[in-house]
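Thanks for coming. I have one chain to go through today, so please look at the screen.

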Amino acid sequence: MATKDRIYLLWKLENWLWRCHLTPLAVLTRAFIRIVFSADIPYKLRVGEGTRFPHDALGSLIHQDAVIGKKCVILHGITVGGKGGSGLPVIKDNVWVGPHSILLGDIVIGEGSIVGAGSVVVKDVPPYSVVAGNPAKVIKQLSPPLCAIK
């Protein structure tokens with residue numbers, strides 16, 4: 001039996017507390033995540049079902065208005081935020097974000113894409129692409145799955 005993702009479950013708890021207007025308890029849960037895991041996973045963040053944070057998202061910082069799709073894998077040490085008043089990243093479904101990656105600005109990480117470890121992404125990533133580097137560039141195009149998993 002697979003173990004549940006601790007960060008995802010804690011985020012679900014803090015998000016539920018916030019939606020139920022129990023903001024002080026949501027803030028305490030967020031503080032717990034920050035202290036124990038050195039990660040800032042805000043209660044207002046939108047995260048799709050089935051997303052996982054392996055390695056407990058250690059050292060990650062995600063802006064509260066960013067969006068993370070369904071069934072994503074978000075590894076440790078990532079930064080997701082804006083750059084000087086522009087919009088915020090939207091991570092589509094089934095995206096894998098490598099450790100210590102930085103996603104900045106009004107960008108979309110396309111469905112089924114892979115962001116290589118340590119990449120700095122400041123431009124849109126097409127669906128089913130592998131990007132890496134600083135600044136990140138498409139290094140490979142992936143084949144879309146034959147049948148979508150719903």
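I start with E13: of its five residues, the number buried is zero, so E13 lies largely in the open. Buried here means under 20% relative accessible area, exposed is over 50%, and partly exposed is in between, with a 1.4 Å probe and protein chains only. Helices (H or I, at least four residues) and strands (E, at least two) are DSSP runs, numbered from the N terminus.

Before going on, a word on the source. This is a predicted model, in which local features need pLDDT of at least 70, side-chain atom pairs count only at pLDDT 80 or more, and totals for chains, interfaces and linings use all residues. Residues are numbered from 1 along each chain as its sequence is written, and side-chain values use heavy atoms, with hydrogens and water left out.

Back to E13, residues 137-141: four bridges join E13 to E12, and the two run antiparallel. Two strands count as paired if DSSP finds at least two bridges between them. Ser-129 has Gln-141 in E13 as its bridge partner, and Val-131 stands opposite Val-138 in E13. The hairpin of E12 and E13 has four residues between the strands, and there Gly-133 takes a positive phi near 105°.

E12, residues 129-132, also pairs with E10, residues 114-115, in the parallel sense over two bridges. On that side, Val-115 stands opposite Val-131 in E12.

**The open sheet**

Next, the sheet of four strands. It is open, has the order E1-E3-E6-E9, and its pairing is parallel. E1 and E9 (108-109) stand at the edges with a single partner strand each, so one side of each is left without a neighbour in the sheet. E1 pairs with E3, residues 67-68, in the parallel sense over two bridges, and the bridge partner of Val-47 in E3 is Ile-68.

**Two buried residues**

Where is Ser-60 found? Ser-60 sits in the loop between E1 (46-47) and E2 (61-62). Ser-60 is buried, at a relative accessible area of 3%. Leaving out residues up to four places away in sequence, Ser-60 touches Ser-38, Ala-39, Asp-40, Leu-75, His-76, Gly-77 and Ile-78. A contact means heavy atoms within 4.5 Å.

The other is Asp-5, in the segment before helix H1 (6-19). Asp-5 counts as buried at 15% relative accessibility. With the same exclusion of residues up to four places away in sequence, Asp-5 touches Arg-52, Phe-53 and Pro-54. Asp-5 and Pro-54 are 49 residues apart in sequence and 7.2 Å apart in space, C-alpha to C-alpha.

**The whole chain**

Finally, the overall figures. The chain has two helices and 13 strands. Its radius of gyration is 15 Å, close to the 15 Å that the globule rule gives for 150 residues, so the chain is as compact as a globular protein of that length. That radius is taken over C-alpha atoms, and the rule is 2.2 Å times the number of residues to the power 0.38. The C-alpha trace spans about 45 × 40 × 25 Å along its principal axes. Of the 150 residues, 43% count as buried. Among contacts between residues at least 6 apart in sequence, 16% join residues at least 24 apart.
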